[in-house]
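Have it open while you read, and jump between the points as you like.

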Amino acid sequence: MTNKNVTRRGVLKSGAVAGSGLALPTIFTASSAAAFTNEPTGSSVTLGFNVPQTGPYAEEGNDELLAQQLAVEHLNGEGDGGCLNTFSSKALKGNGILGKKVEFVTGDTQTKSDAARASAKSMIEKDGAIMINGGSSSGVAVAVQGLCQEAGVIFMAGLTHANDTTGKDKKANGFRHFFNAYMSGAALAPVLAAEMGKERRAYHLTADYNWGWTQEESIVASTEALGWETVNTVKTPLASTDFSSYIAPVLNSGADVLVLNHYGGNMVNSLTNAIQFGLLDKVANGKDFKIVVPLYSELMAAGAGENIKGVLGSMNWNWQLQDEGTKAFVKSFGEKYGKPPSNSAQTCYAQVLLYADAVERAGTFNPCGVVEALEDFEFDGLGNGPTWYRGADHQCFKDVLVVRGNENPTNAYDTLEIVEITPRAQVEYDPEHPMFAGGELGKCNPGA
Amino acid sequence: MDAILLQILNGLDKGSAYALIALGLTLIFGTLGVVNFAHGALFMIGAFCAVTLQKLLNLSFETLDETQKDFLGNPLKVETPYVEYWFGPEVGATIIDWSVPLAILFAIPVMLLVGYVMERGLIKHFYKRPHADQILVTFGLAIVLQEIVKYFFGANPIQTPPPDALSGSVDLGIMVGFDPNAIIYPIWRLVYFGFAVGIIGAVFSFLQFTTFGMVVRAGMADRETVGLLGINIDRRFTIMFGIAAAVAGLAGVMYGPLNPPNYHMGMDFLVLSFVVVVVGGMGSLPGAVLAGFLLGILESFASTTWATTTIPGINQIIIYLVAIIVLLTRPRGLMGRKGVMEE
């Protein structure tokens, strides 16, 4: 007996279901023959470097790309080997990764979450990238991390400083080597207390997006724990180019410290405006007025020029460190490119090496093997001293730098001087700390 | 009261940039009928004229200092600018220090030339095309120009500081009887406002009191009749395009010390300046200036803590909110003329 109840509506429904199944992106329907997404089958393996090549952070992205290319050279046994000579793990032999030559493709994040996801997706689907690395924004990092989790590839974050990246938005396939806003606050607080005293009144200008909010929360918490009072916290639109209307009221607010929770162009302009208004020349509450920029980068310091002189902030890493890992990387990068690397370049270089090393130790490119190898991995020799990749949230813990705008720079590169190397123990926190609460790491996704 | 005065000063300062860019936009629209989305790029090119001159004045020769080391441990290369070598350290340093004001002289011919080439090379081919085509081609041109600047100067902002004598701030409050520190204001921002007023005055005087200006005004009112009188109005309008480019460029040169120039700065001002033109009234030069200062002041007040806590986000929408209110009550803008963009 044949079923004659074939209706037009039924055919359409079936067609729609079948059509949508066929239309599913290939990353969600990996070949059944592969054990995991983009399993390398030939003699090479492809890494995806997703950095801002256009937009306001293009210079930072360019520096990251230089470091990533250097890392690939070192992994393939070219050049002087850089940190392969100082890295405490000796799994990397300079013969690629698991004997496969390392190749790379690049994508342009444009420092926009949607563009960054699109470029990462393209590198995974079209180019067969097995790991995505780079970036210069927390919004981008969280977006790409989510994509990599869905796609079943590893994400080794670049510069991302918001607590959420390894807080409420953490993912099993994502790892952050860079420090975060909480660590900036923990490292800065003792130095601020020593240099400015414990009775200060702070006024915060904060970029009005996720990173700004978490940094403000972290710095307010750590300075109030010192005994400082927070006079005001003012959110400034991310698209702001002139901050004079926000800075003009600061002197009459009763504050004697201005904290600029800004990054990139926002920071360069707000600091320039604050100097124009002569804040650093003023006395408030009987004390010299001070400015703090909690997150510094070398490229921002160059943009801010002489305005950063004497201004305190924090960094993940600086080329002036004297440990063997730093010296090897700076020599290698400096001889090749004629300038010292930035801290965003260093974090990308370290991340590429850490990924490759984890694959070697795991003996597989399978993301779940890589995750297992990286979780609670302790190492040294990549800069910042002994470092721990915590398994609970995939956040790296290492020494953090407190820096100050150099009063007497001798060249274009020593615009910042290291004030203190804050020991790792001082910036550690519980994985369940309220600033990092919410979200689940989940399980690793191999994709197939 | 002191807080209000401070925000008015800030507003006049922001308004100066808006007014100068909007003035140029209106000049071009009023004469050539072109909606020039590349005008922000002209502002940016002006700022980079200052960057270029600063770099030229800082051209240096290198000597090795064996007593100091660079980051790789090699002897440090010490750079000495040629101007300091030629004119002596003090005179050379003073010339470099005054590079931004000197850049005005450098920028005027450069911007006139850029405007002339832009108009003759590209925009004249779009006079008879719809406004949408003009917007697309000039917007595309703006992107090309900013990418060229990025290629040569990078994406990072570049400091162009004011001369030492004009940096720092003054206590205006004391001068008018307020407590010390009540109204502290940067000197260069006052210079910028004064400069903007001077340029606006010069443009209006040029149009009002010269024969050339009279012909241009007549051409703006009735291009066909002026042409029938045997006057080559197209040539004069091309020159006005160059003047409008120079006005935008000079606004950019002097803006550099306020906020370091970057390749994207033109785009940051472009949309706001168009809103200023629309609020002021399409084709109205006094309207553009009035709306520029008005919106600058309102934007400044909307950024105060009181305003942002009363209406969260008001600082981001104030200009557009005012534009909506003005256009609902005065559809031609504050000083718009009947017939402009109404055919």
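Which helix of chain B does B:Ala132 lie in? I'll take that one first, then move on to helix packing, the core, the domains and the chain contact.

1. B:Ala132 is in helix α6 of chain B, the run covering residues 131–153. Keep in mind that this is a predicted model.

2. Staying in chain B, have a look at α2 (residues 39–57), which packs with α1 (residues 2–32) at an angle of about 130°. The axes of these two helices are 10 Å apart. An angle between 115 and 145 degrees is neither perpendicular nor antiparallel here, so α1(B) and α2(B) come out as oblique to each other. The crossing of α1(B) past α2(B) is right-handed. On the α1(B) side the residues are B:Ile21, B:Gly24 and B:Leu25, and they meet B:His39, B:Gly40 and B:Phe43 of α2(B).

3. α2(B) also has α12(B) (residues 265–280) as a partner: their axes come within 7 Å and cross at roughly 140°. This pair is therefore oblique too, and α2(B) passes α12(B) in a right-handed crossing. Among the α2(B) residues in this contact are B:His39, B:Gly40 and B:Phe43, along with B:Met44 and B:Ala47. From α12(B), the contact includes B:Met265, B:Gly266, B:Phe269 and B:Leu270.

4. Now the nonpolar core. The largest one has 225 residues, and the members touching the most others are A:Leu258, A:Leu353 and B:Leu23. Domain 1 and domain 2 of chain A each put at least three residues into this core. As for B:Leu23, setting aside neighbours within four places in sequence, its contacts are B:Ile200, B:Val203, B:Val247, B:Leu285, B:Ala288 and B:Val289.

5. On the domains of chain A: the assignment gives domain 1 as 44–179 + 319–398 and domain 2 as 182–315. Going by C-alpha atoms, their centres are separated by 30 Å. Domain 1 brings 14 residues to the contact and domain 2 brings 16. On the domain 1 side, α2 (58–75), α4 (138–151) and α11 (343–362) of chain A each supply at least two residues.

6. How many residues of chain A are in contact with chain B? The count is 36, against 36 residues of chain B. On the chain A side, elements supplying at least two residues each include α2, β7 (229–236), α8 (264–276) and α10 (324–337). α8(A) gives the largest share of that side, with 5 residues.

7. Last, two backbone spots in chain A to check. A:Thr111 has a phi near 55°, which is positive although the residue isn't glycine; it is in the loop between β2 (101–108) and α3 (113–125). A:Asp376, in the loop between α12 (367–374) and β13 (377–379) of chain A, likewise has a positive phi, near 60°. Buried or exposed, A:Thr111? A:Thr111 is buried, because 23 C-beta neighbours lie inside 10 Å. A:Asp376 has 11 other C-beta atoms within 10 Å, so A:Asp376 is exposed.

Key:
Residues are numbered from 1 along each chain as its sequence is written. Chains are lettered from A and ligands numbered from 1 in the order in which they are written. This is a predicted model: local features need pLDDT of at least 70, side-chain atom pairs count only at pLDDT 80 or more; totals for chains, interfaces and linings use all residues. A nonpolar core is a set of buried Ala, Val, Leu, Ile, Met, Phe, Trp, Tyr and Cys residues joined through C-beta atoms within 7 Å. A residue is buried if 20 or more other C-beta atoms lie within 10 Å of its own, exposed if 12 or fewer, and partly exposed in between; C-beta atoms are placed from the backbone. Domain bounds come from an automatic or database domain assignment. Two residues are in contact if their C-beta atoms, placed from the backbone, lie within 7 Å. Axes are lines fitted to C-alpha atoms, for helices over the stretch in contact, and angles run from 0 to 180 degrees between N-to-C directions. Helices (H or I, at least four residues) and strands (E, at least two) are DSSP runs, numbered from the N terminus. Angles under 35 degrees count as roughly parallel, over 145 as roughly antiparallel, 65 to 115 as roughly perpendicular and the rest as oblique. A crossing is left-handed if the near helix is turned anticlockwise from the far one by less than a right angle, and right-handed if clockwise.
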